[in-house]
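Here are my notes on this one, as promised. Have a look at the sequence and the fold first, then read on.

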Amino acid sequence: MSETTVDRVARKTPARVARKVKGLSDRAIAWLFVGPTIFLLLTINIFPLIWTINLSFTNFKANRPNRAVEYIGLRNYERILGDSDIWLSMQATAHFLFWTLFFQVLIGFTLAWLINKKFKGNDLWTTIIVLPMMLSPAVVGNFWTFLYQPQIGLFNYVITFFTGADPSSFQMLGSVDLAPWSIVIVDTWMWTPFVMLICLAGLRSIPDYIYEAAEIDRASKLRQFFTITIPMVLPFLMLAVLFRGIENFKMFDLVVQLTGGGPGSTTEMASINLKREAFEKWRTGYSSAFAIILFVTVFGLASIYVKALNKVKER
Amino acid sequence: MKQLKLASASVLTLAASTLSTTALADDLTLCWAAWDPANALVELSKDFESESGHTMNFEFVPWPNFADRMLNELNSGGKLCDLLIGDSQWIGGGAENGHYVKLNDFFDKESISMDDFAPATVYAYSTWPKGTPNYYALPAMGDANGWFYRKDWFARDDIKAAYKEATGDELGEPKSQKELLQIAQFFQGREIDGKTVYGAAIFTERGSEGITMGVTGALYPWGFKYENTPGSYDMEGAVNSPEAVEALEFYKELYSTATPPGYTNSYMGESLDAFKSGQVAMAMNWFAFFPGLYADPDTGGDKIDFFVNPPQNQAGSTLGGQGISVVSYSEKQEASLEYIKWFSDPAVQAQWWSMGGYSAHNSVLNSDTFEASAPFAGDFLLAMEDVQDFWQEPAYAELLLAMQKRIHDYVVADQGTAKEALDKLVEDWTEVFEDEGKL
Amino acid sequence: MSYSVTDPSKRQKFIAGTLVILYALITMVPLVWIMMTSFKTPPDSISYPPKVFYQPSLEGYVNLFTTRTRVSAEKLASLPPPENFAEEIVRSRNMVIAGPSKFGGRFLNSVIIGFGSTFLSIFLGTLAAYAFSRFKIPLADDLLFFILSTRMMPPIAVAIPIFLMYRQLGLSDTHVGMILLYTAVNISLAVWLLKGFIDEIPREYEEAALIDGYTRFQAFYKVVLPQAATGIASTAIFCLIFAWNEYAFAVLLTSGTAQTAPPFIPTIIGVGGLDWPAIAAGATLFLLPVMIFTVLLRKHLLRGITFGAVRK
């Protein structure tokens, strides 16, 4: 952006033509075009964010309009960081985050690699694989609770069919051991295609001549895979992990529908905990502090990650 | 003089009411939970529509989402509902935060007397602060948690003999909580007509209020108290008393030894499903569902009977039920009050009961025909004698969520001991009341 | 080309194709099951083992669009014969149709809010993207990054102040409130994507137009807009899908008037017990448009996903 259009037009355009460029000045148009968006973002993104920061230092409760609001300093933050339940919900989030990313990267990359073999009709099948990620997580998640029903649910029946276990002997959503995995399964089903698409873009960005050169050097296919394919796709894969990581850190709709955080608090992830504090207990000040902590956490982790990503790209 | 005043007042109100009916016909929205009685209310309200000229719309939300959505609606100052049949525990918040219109003046004006309604219901559904003559709702639907069972199974000779052999007792409606457990365990996993059946369907739901409403059915009969002295908020030794611990352990045993598989997150709907599909011998649920259960072509009639929540150390049932309130954000308060006036009429109340709604009006409950009018009517009166309700504090949601978590963690997720769960609950509740400035 | 060393062998292609198709088929099972369930009767839907072959029925769809009440056998017998197939199905369950359900209204809300916010996002987004692409705007890069980073906030966190603000402004549970909110959420991605598309349009076209005497404004909508049409279309699809699927804001900020389908569908219940065919019918009607959209517009859509992600 070192040279603006204005400069270029001005340089190229003879003076008598320039006079004909009527209407608003470029500067005016620029602000006219950007203005509404900035205004919208200021009112619906930035201002609320500042307000949240402000609220996080108070004991405000949105359901108690008649109660005096007091500034209580960092007390909300102290309470949150010292609350073992919050740390448990962070653990649940971490478990979900790690395993969804693990499976999505593994399956997503494999699929992309297979699709890149360019078999006939690959684009149609790609589209079909992509379908789940286009759908409403709440609506689909709600239906998965039906698939997970003991006895009548299809999922349990299929497991029974392959393992011979009694379909009413295990409850995917109700058991403390299985519930964390039941949400990992659905999220993996929904979002593997996203990782797959990004990997596919990465694979397709590798020019053929690199492989041809390797072939001439008599490098084995396996060696080619580890010295060319993986390093070239890695930046793309890391991007996919970044996006899925941020999304799953915020995870709410799918898990709320599937387990609602239960059994007990086994799958109560950060967002669900936040929802309970903010919109069921109405501890607005407290939950604002929690929201800020979550935001800073995502932002911090993402920034560190992006630095790492840039290093990988530079290599 | 006094009579004259009364007369002129009634003329005035008469004029006022005719004026408002002729002057404008409003579109009223009534919000309630989506369940059997709500459907009956739609039918009942058709009379109101034809009498008043107003149109009634209904917004019914399923129970698991009801509190969440309606409290959100009230807290956002929403105008969706003109009339709200809100849960008994909301009354504190509804009154203190100005969500509900105070009805005292209206009751005086229309000479609606709270003495005409069953005292337990007025206390629970209408008053805030508790027990004072400040009314924010008219008792709309009396309710308590009760039990129903497969009368046909209980009457079968082979099953009776097997029960006698297994336990040494006669099979019949349980007279204590422990007998209920024994019967439930007897049925658990038994083959009846070639089908495996289970003991009892109880409440274990996590998301809203389910497991709390279920477990209090055991806590109250054991003698559970919220406070050592009412109004003092001193909960240590009351909430986590040895009796409370025993009751909680009992509920966990009932859950883990006598409920159908996969029964980890179930409330009203699941209890009904389990019973109607012939899965369970007994089930707990609100009296509100009993008319529908009795009328069910497959499992109702001769095959079903009802009993009140059995006592243990004392009698006790968990209170349900709701009062009807006018939402203060509504722009149609006049017409909404008209609806309440119409609803409070003894004739309408009698009609309400006959259609499956539990009237709390004395003229209905005390009538000679009431007990004989349905097989569960007597049980209902019995239950209402010893009902207890959860906290009705403005901070009720926080108190409830804490209990949901602690109880579900212990009973379903199998974490810690009953004592630990209740100790933590005392801590949670203490923190809430400290935040409230009440401790 | 066929002799290229990098082209996989026939056998490799066959194996790869088989595996991918197998995965695609498995991934479709839950979606197919939703559609199958929507055509079952309630007893068929909860039978054990799950029924794969069954007599199709429209009961789920009838239940989705109606409210019903149970009536006694005597009253049922006294009614005139059913007028249509819906009434007939309902009567067979000892019930009568009491009125329409709320599903139609909620679906319409989804359409209004979805298209409204998409239109607004695209309208504002295109203008802003053009400005970011063509003019020197102070701190442009920082601004863009910041706009994008607000998407890292969990929606529940954003909803806290929005809830308070909307309560003050009377925007709770209104279509306008939801359209503005979804626009604000979508616009960062829209600007980002659109800026990419507009960057690709050579500036020489506009410059030529300017020299020909067009105003900057005319140059924008007569030259740039038609060139960016494909990009705008695929961005629009993203905005629409987001707004269509969104749940967290909808469940917290709407209760009736402006409630969309995603928070509504999971709360569909039958008379006495869950009505899975009706839920499945609602889900099918709600998901099907997106599936058809995806298959028809796959080229733009798939390109958009990777383009949007990789550019960041």
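The points below go from the ground rules to the chains, the domains, a sheet and a helix pair.

1. Ground rules. This is a predicted model, in which local features need pLDDT of at least 70 and side-chain atom pairs count only at pLDDT 80 or more, while totals for chains, interfaces and linings use all residues. Residues are numbered from 1 along each chain as its sequence is written, and chains are lettered from A and ligands numbered from 1 in the order in which they are written.

2. Confidence. The predictor gives the complex an ipTM of 0.89 and a pTM of 0.88. For chain C the average pLDDT is 87, and 95% of the residues score at least 70; pLDDT is the predictor's confidence in each residue, from 0 to 100.

3. Chain C against chain A. Here 90 residues of chain C are in contact with 86 residues of chain A (contact means C-beta atoms, placed from the backbone, within 7 Å). On the chain C side, helix α1 (residues 10-38) gives the most, with 15 residues. That side divides into 68 nonpolar, 15 polar and seven charged residues. For the classes, Ala, Val, Leu, Ile, Met, Phe, Trp, Tyr, Cys and Pro count as nonpolar, Asp, Glu, Lys and Arg as charged, and the others, Gly among them, as polar.

4. Chain B against chain C. This contact joins 21 residues of chain B to 16 residues of chain C. On the chain B side, α2 (36-52), β2 (55-61), α3 (63-75) and α12 (268-276) each supply at least two residues. Helices (H or I, at least four residues) and strands (E, at least two) are DSSP runs, numbered from the N terminus. By class, the chain B side has seven nonpolar, eight polar and six charged residues.

5. Two domains in chain B. The domain assignment gives domain 1 (2-143 + 321-388) and domain 2 (145-318 + 395-436); such bounds come from an automatic or database domain assignment. Their C-alpha centres lie 29 Å apart. The contact takes 26 residues from domain 1 of chain B and 27 residues from domain 2 of chain B. α3(B) gives the most to the domain 1 side, with five residues, and that side has 16 nonpolar, five polar and five charged residues.

6. The sheet in chain B. Five strands form an open sheet in the order β2-β1-β3-β11-β4, with mixed pairing (two strands pair if DSSP finds at least two bridges between them). β2 and β4 (138-141) of chain B stand at the edges with a single partner strand each, so one side of each is left without a neighbour in the sheet. β4(B) pairs with strand β11 (residues 322-326) of chain B in the antiparallel sense over three bridges; M141(B) has Q322(B) in β11(B) as its bridge partner. α2(B) packs on the sheet, touching β1 (27-33), β2 and β4 of chain B, and its direction makes about 170° with that of β2(B). Axes are lines fitted to C-alpha atoms, for helices over the stretch in contact, and angles run from 0 to 180 degrees between N-to-C directions.

7. A helix pair in chain A. How do α11 (residues 221-249) and α14 (residues 284-314) of chain A pack? Their angle is about 175°, with the axes 10 Å apart. α11(A) and α14(A) are therefore roughly antiparallel to each other (angles over 145 degrees count as such). The residues of this contact divide into 12 nonpolar, no polar and one charged. Among those that meet are L234(A) and F249(A) in α11(A), and V298(A) and K313(A) in α14(A).

Notes: Angles under 35 degrees count as roughly parallel, over 145 as roughly antiparallel, 65 to 115 as roughly perpendicular and the rest as oblique. Two residues are in contact if their C-beta atoms, placed from the backbone, lie within 7 Å.
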